[in-house]
Amino acid sequence: MRDMLLIALFAFLGAAAAGLLGALALRALRHRSLVVSLTVVSTVAVTAMFSGTLAVAWAMFLSRHDLFVVTTVVAMAAVVSLATALLLGRWVVARSDALTRAARTFGDGGSFPAPGEAEAGDPAEFAALTRELAATSEKLAASRDRERALESSRRELVAWISHDLRTPLAGLRAMSEALEDGMVEDTGRCLRQIRTEVERLNAMVGDLFELSRIHAGNLALTTHRVTLSELVEEALAGADPLARQNGVRLVGDAVATVPVEVDPHEMTRVLGNLLVNAIRRTPADGTVAVHARTVEEDEKVVLSVTDGCGGIPEEDLPRVFDTGWRGTHARTPPGAGLGLAIVRGIVEAHQGTAAVRNVTGGCCFELTLPRALPNQRAGTEAL
């Protein structure tokens, strides 16, 4: 037993000396290439085995021939180990350099070309890193597309807002100058026109303020349990005068009394915007219909507003809810194109979605909202 302990002690001392020197070498070379580090590790492993073997051999007083044989065997193992480490290090560095070159394309706004996709022998770590970089590349590309779309919408919004503000402001200036110069005989009519233009400007500023609150995440919702029929009745009552003026028939008397947890004021505004757009785009003697249905498996309700506008071009459907979108000039009523963007923002603040699709003779706007649960309580939340 004593001899075994001595052998273990000599082997440990020889290996520990090699390991200590290797640790110092790794610390000194920690900023060098991975090939150097792998070579040092392999050298330490072989040297530790070599030192331990020689220490035990000397302690056991082996013959010169036996000591030479042991030294030769260990030396050959060291050569093979170092060669293998060098090959592995060069391969790892080559793969790392390929990933580095591919990752540089992120900064240039390009996509990530995954290197060596056909090589199935990559280690799991490299394969996982390649997949993550490819996924990140796709997310960045989608983000850049969204940013370009938002920037385009902002430019269109600024252009349209500037145009729409210039018209009423020019009218107000002309009428005020006419009043100042005493050139107006019917001052009452002129004042009514001024009031109309001021109300139009006030509505546009209100829409801009509402949209800015939505984009800034400052839209506070005070939710209450109401039924779909109550929301639809209030929205139809508000839109009825415009419908009569345009000769459009409103239909919405078959809406179920399904409970939802919403902010009644904001959702009434949503339905009002949809109804006003539908009435303005539907020809006289046309019909604007409001319907509601439940999706039991998803615990959701779907509110739809269908008009007779003749449909929206397929290429424009994805942009309908974008800020500033107003479609073709022939179909677009006056306005800055903010109503549908506000609709989407308010609906998404209620954890819902807004969508549009073409139907026979027109289009159908659908709002999907969570259905009120039996134990759900009302409260106030922010977007």
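Colleague: Quick one to start: is arginine 195 buried or exposed?
Modeller: Arginine 195 is exposed, with a relative accessible area of 58%. Buried means under 20% relative accessible area, exposed over 50%, and partly exposed in between, with a 1.4 Å probe and protein chains only. This is a predicted model, where local features need pLDDT of at least 70 and side-chain atom pairs count only at pLDDT 80 or more, while totals for chains, interfaces and linings use all residues. Residues are numbered from 1 along each chain as its sequence is written, and side-chain values use heavy atoms, leaving out hydrogens and water.

Colleague: What does arginine 195 meet in a salt bridge?
Modeller: Glutamate 199, at 3.3 Å from N to O. A salt bridge here is a side-chain nitrogen of Lys or Arg within 4 Å of a carboxyl oxygen of Asp or Glu. Both residues lie in helix α5 (residues 187-216), four residues apart, about one turn of the helix. Glutamate 199 is partly exposed, at 46% relative accessibility.

Colleague: How are you calling helices?
Modeller: As DSSP runs, numbered from the N terminus: helices are H or I with at least four residues, and strands are E with at least two.

Colleague: And how many salt bridges does a search of the whole structure find?
Modeller: Eight. One of them pairs glutamate 177 with arginine 173, their closest N and O atoms being 3.2 Å apart. Those two sit four residues apart in helix α4 (residues 124-181), so about one helical turn separates them. Arginine 173 is exposed at 58%, and glutamate 177 is partly exposed at 37%.

Colleague: Which residue does aspartate 240 meet in a salt bridge?
Modeller: Arginine 244, at 2.7 Å from N to O. They are four residues apart in helix α6 (residues 228-246), again about one helical turn. Aspartate 240 is partly exposed at 27%, whereas arginine 244 is exposed at 66%. Elsewhere, salt bridges with shared partners join Glu210, Arg213, Glu266 and Arg269 into one network.

Colleague: Changing topic: at what angle do α6 and α7 pack?
Modeller: About 30°, with their axes 9 Å apart. Axes are lines fitted to C-alpha atoms, for helices over the stretch in contact, and angles run from 0 to 180 degrees between N-to-C directions.

Colleague: Roughly parallel or roughly antiparallel, then?
Modeller: Roughly parallel. Under 35 degrees counts as roughly parallel, over 145 as roughly antiparallel, 65 to 115 as roughly perpendicular, and the rest as oblique.

Colleague: Is that crossing left-handed or right-handed?
Modeller: The crossing of α6 and α7 is right-handed. That term applies if the near helix is turned clockwise from the far one by less than a right angle, and left-handed if anticlockwise.

Colleague: How far does α7 reach, first C-alpha to last?
Modeller: 26 Å over 18 residues (264-281), close to the expected 26 Å. The expected span is 1.5 Å times one less than the number of residues. Of those 18 residues, 13 are buried, so the helix is mostly covered.

Colleague: What happens at the start of α7?
Modeller: A side-chain oxygen of aspartate 263 comes within 3.1 Å of the backbone nitrogen of histidine 265.

Colleague: Where is threonine 282 found?
Modeller: In the loop between α7 and β5 (287-295). Threonine 282 is buried at 6%, and a polar atom of its side chain lies 2.6 Å from the backbone oxygen of alanine 278.

Methods
Polar contact = N/O pair within 3.5 Å; in protein donor to acceptor, adjacent residues only side chain to side chain.
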